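Trainee: Could you walk me through one part of this protein in detail, starting with how its elements are assigned? I would like to take a close look at the last helix and what surrounds it.

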Amino acid sequence: MKGMSASAAGTVETPGRKVRQKSGLNRSLLDQGWSAFLRMLEYKADGSGGRVVRIPPQYTSQTCAVCGHVSPENRTTQALFRCVSCGHAENADLNAARNILRAGHARLACGTNTSSEVGASAQEPTEAA
C-alpha cells in the first residue's frame, strides 16, 4: 500500500502532475479498513458456499502465466506484460490474475490455506471440478 499512496509532488527540478487528485486518492486508499473488508468478504463467501483463498501477491505481475518465467523486464509498461523468455504478451493485470487464480487452485488442491496468510484473494467455485 505504501507504493500506491506515495506522494505525487515530485521535486523542484521535476514537479509532479495532478498532485491534488493524487492527494485525494491517497487519502481514500489509506482510509479504507482492509482487514474489515476481508473479514466481511470471508463472511459473505462462507454464507453463500464459497471460500476466500489468500494468495501472496509478490511477483504475480512479473511472472509469465504461460511459461512461469519471473523477471522485472517482463513488465514493459504499467499495462503491458511481455515475457522475455517465451514472448507471451497480454494485459499485465490479466496476466497477474491468471497467476493468482492458478496459485489459488494449487493452494486449494494442497489444502494449505490458513487464516494467518495475507495477500490477494480469489474465490473458489462452489462445486469441485
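Mentor: Happy to! Helices (H or I, at least four residues) and strands (E, at least two) are DSSP runs, numbered from the N terminus. With that in hand, the order along the protein from the N terminus is α-α-β-β-β-α-β, which makes 3 helices and 4 strands. Please keep in mind that this is a predicted model, in which local features need pLDDT of at least 70, side-chain atom pairs count only at pLDDT 80 or more, and totals for chains, interfaces and linings use all residues. Residues are numbered from 1 along each chain as its sequence is written, and side-chain values use heavy atoms, with hydrogens and water left out.

Now to your helix, H3, which covers residues 92-110. The expected span of a helix is 1.5 Å times one less than its number of residues. For the 19 residues of H3 that gives 27 Å, and the end C-alpha atoms are 27 Å apart, so the two agree.

Look at the ends next. Just after H3, Gly-111 has a positive phi of about 65°.

For burial, the cut-offs are under 20% relative accessible area for buried, over 50% for exposed, and partly exposed in between (1.4 Å probe, protein chains only). The buried residues of H3 are Ala-92, Asn-95, Ala-96, Asn-99, Ile-100, Gly-104 and Arg-107. An α-helix has 3.6 residues a turn, so residues three or four places apart point the same way. Cys-110, by contrast, is exposed, because its relative accessible area is 60%.

What lies around the helix? One reference point is Ile-55 in strand S1 (residues 52-55). The C-alpha atoms of Ile-55 and Arg-102 are separated by 10.0 Å, although these residues are 47 apart along the chain. Ile-55 counts as buried because its relative accessibility is 3%.

Finally, the cysteines. A disulfide here is a pair of cysteine sulfur atoms within 2.5 Å, and the structure holds 0 of them. The sulfur of Cys-86 has its closest cysteine sulfur in Cys-64, 3.7 Å away, so the pair is too far apart for a bond. Cys-86 itself counts as partly exposed, because its relative accessibility is 40%.
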